[in-house]
Amino acid sequence: MEQSSDIRIDGRAIAKKIEERVKADAERLIKRGVIPRLVSVAVDDEDPSFESYMKSRAKACARVGIESEVEIVPLKDAERALGLKAARLSEDRSVHGVLFSLPLPSGVNDQSVYTRLDHRKDVEGMHPWNAGLLALGRPRFVPCTALAVMEILKRETIDVEGRHVVILGRSKVVGAPLASMLLHKSTGGNGTVTVCHSRTRDLPHFCAQADILVAAIGQPEFVKGEWLRQGAVVLDVGTHAIDDPAYKRGWRLVGDVHYESACTVASRITPVPGGVGPVTTALLLQATVRAAMGADE
Ligand SMILES: NC(=O)c1ccc[n+]([C@@H]2O[C@H](COP(=O)([O-])OP(=O)(O)OC[C@H]3O[C@@H](n4cnc5c(N)ncnc54)[C@H](OP(=O)(O)O)[C@@H]3O)[C@@H](O)[C@H]2O)c1
């Protein structure tokens, strides 16, 4: 569709530019004898998509010169095991970045895990220290997906100031930190922000008011084009594999927004795949190299 390629925001191209800079920074560190290292900790819940997700993250790390590894803890007594891992990895001077694969299993208190992690290694910005800095308008490590939305707006020169940004979803990894950044009284912020969630009444009513709409609700193709204002900017955070026999592999990826109908009204839109996802990964690499630079100072 010609119109959709004109308005499509190319997340892969943005990610490539970020990665080039991260690679140059990593090379400087490596010359000084510091090899940036990222450890992902996951709970063994046999999610079939987990392996391919970890492989693609490992590949991304390798592209820029970051060493990466995955550590698995058993599902039984996961909170204790994750806390012990956090404490051990905090002590390990060869590790610069640590992240826990989210969502953690139900019943695990994530804050009891993150508080045991050295906040200087918290590349996903989930430690209370980093969440506090963000709330104070002095962000250091910030959840990468929320930051990816900010980065896309900046790089595509989409002005937020004074505009109505409607965020669907209030999670700690996307909606809440994003709302905080968009409200900051600084460049890239100063938006008028509305946050919707599962208890919001009449979601289409709020979507219709958005100059910029961010969808992060975890519901495949939920937001329809007819809900949107003509000319809205649409940033789709959702990622879902849905069955589709037309594809050789039997499935395809979609977002929280119904892409085809949204393309008929949006002025700019991120596709799924190839939108917010690659930028999120690139920013995780950036955070890891920054953590390694901080440790080298
Ligand atoms: N592209 C990336 O790199 C990336 C990274 C992370 C996540 N994701 C994707 O982004 C999506 C959101 O992730 P998340 O971790 O933020 O999810 P989450 O923790 O499940 O939060 C979902 C949020 O959406 C709200 N919500 C759910 N159904 C709704 C509905 N029908 N109407 C209005 N609000 C609704 C929930 O409301 P309540 O608070 O009331 O429950 C919650 O605030 C998922 O599809 C996930 O796969 C993508």
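Modeller: A polar backbone atom of His-197 sits 3.4 Å from a nitrogen atom of the ligand. That is a polar contact, meaning a pair of N or O atoms within 3.5 Å. The side chain of Ser-198 also takes part: one of its N or O atoms is 2.5 Å from a ligand oxygen atom. Thr-239 uses its backbone instead, with an N or O atom 3.4 Å from an oxygen atom of the ligand. On its own, the ligand has 930 Å² of accessible area, and the protein covers 68% of this. Such areas come from the Shrake-Rupley method with a 1.4 Å probe.

This is a predicted model: local features need pLDDT of at least 70, side-chain atom pairs count only at pLDDT 80 or more, and totals for chains, interfaces and linings use all residues. Residues are numbered from 1 along each chain as its sequence is written, and side-chain values use heavy atoms, leaving out hydrogens and water.

Now the wider shell. There are 21 residues around the ligand, each with a heavy atom within 4 Å of it. Arg-170, Ser-171, His-197, Ser-198 and Val-237 come nearest. By class, 12 residues of the shell are polar, 7 are nonpolar and 2 are charged. Here Ala, Val, Leu, Ile, Met, Phe, Trp, Tyr, Cys and Pro count as nonpolar, Asp, Glu, Lys and Arg as charged, and the others, Gly among them, as polar.

Last, the setting. The C-alpha trace of the protein chain spans about 50 × 45 × 35 Å along its principal axes. Of its 297 residues, 50% count as buried, that is, under 20% relative accessible area (1.4 Å probe, protein chains only).

Conventions. A polar contact is a pair of N or O atoms within 3.5 Å; within protein, one must be able to donate a hydrogen and the other to accept it, and residues adjacent in sequence count only if both atoms are side-chain atoms.
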